[in-house]
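Here is a short report for a first look at this structure. Start with the view below, then read on.

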Amino acid sequence: MALHRLFQLSSVLRSTVSLTLRRNIGISAVIFNRAKELDPVQKLFLDKIRDYNTKSKASGGIVDAGPAYQKNLSEEVTKLQRLYGGGDLVKFPDFKFTGEFGLKFLHCVECLCSSCS
């Protein structure tokens, strides 16, 4: 009986130690990768991303977007407004539930019960 408990405790201890070591090795790998020098391709990639980020913040939108892009964008927005009845395409729509169905729907969403379905 005591031997059986010892084996169970040993199993739990082994899994806990294994989990802790895996976590520590994972964190150590991330820290080690940050500490070492980047290879030239990674460095070039990160430099280009940072350069694009500064350019997009300076221009306030898409980098190097010419008049053709702006014209195409406005045409597509106009098509979408015509297709979906106008309105602001950036703003999230407001939903208004009315009547008995709306109240039942809101009740089921709040309580997540199976009796309301």
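Which helix gives the most to the nonpolar patch? Helix α3 does, with 5 residues.

## Overall fold

This is a predicted model. The protein has 4 helices and 0 strands. Along the sequence the pattern reads α-α-α-α.

Of its 117 residues, 4% count as buried. The protein exposes about 11,000 Å². Carbon and sulfur atoms supply 64% of that area.

## The nonpolar patch

The patch covers about 870 Å² of surface. Tyr52, Ile62, Tyr69, Leu73, Val77, Leu80, Leu83, Tyr84 and Leu89 make it. One of them, Val77, lies in helix α3. Val77 has a relative accessible area of 33%, so it counts as partly exposed.

## Helix α3

Helix α3 runs over residues 67-83, which is 17 residues. At 1.5 Å a residue, it should span 24 Å. Its end C-alpha atoms are 24 Å apart, so the model agrees with that expectation. Just after α3, Gly85 takes a positive phi of about 85°.

The side chains of Lys71 and Glu75 meet at 4.0 Å, N to O. Both residues lie in α3, 4 residues apart, about one turn of the helix. Lys71 is exposed, at 54% relative accessibility. Glu75 is partly exposed, at 38%.

## Helix α2

Helix α2 covers residues 40-59, and Ser56 sits in it. Is Ser56 buried or exposed? Ser56 has a relative accessible area of 17%. The cut-off for buried is under 20%, so Ser56 is buried. Leaving out residues up to four places away in sequence, Ser56 touches Gly61 and Val63.

Asp47 and Lys43 meet through their side chains at 3.4 Å, N to O. Asp47 is partly exposed at 34% relative accessibility, and Lys43 is partly exposed at 42%.

Lys55 and Asp51 form a salt bridge at 3.7 Å, N to O. Lys55 is partly exposed at 41% relative accessibility. Asp51 is partly exposed at 33%.

## Salt bridges and the helical turn

How many salt bridges does the structure hold? It holds 4.

Key: Residues numbered from 1 in each chain as written. Predicted model: local features only at pLDDT ≥ 70, side-chain atom pairs only at ≥ 80, totals over all residues. Heavy atoms only, no water. Helix = DSSP H or I, 4+ residues; strand = E, 2+ residues; numbered from the N terminus. Expected span 1.5 Å × (residues − 1). Buried < 20%, exposed > 50% of the residue type's maximum accessible area, 1.4 Å probe, protein only. Contact = heavy atoms within 4.5 Å. Patch = residues over 30% accessible without salt bridge, like charges linked within 9 Å, V, L, I, M, F, W, Y side chains within 5 Å. Areas by Shrake-Rupley, 256 points an atom, 1.4 Å probe, with all protein chains shown as cover.
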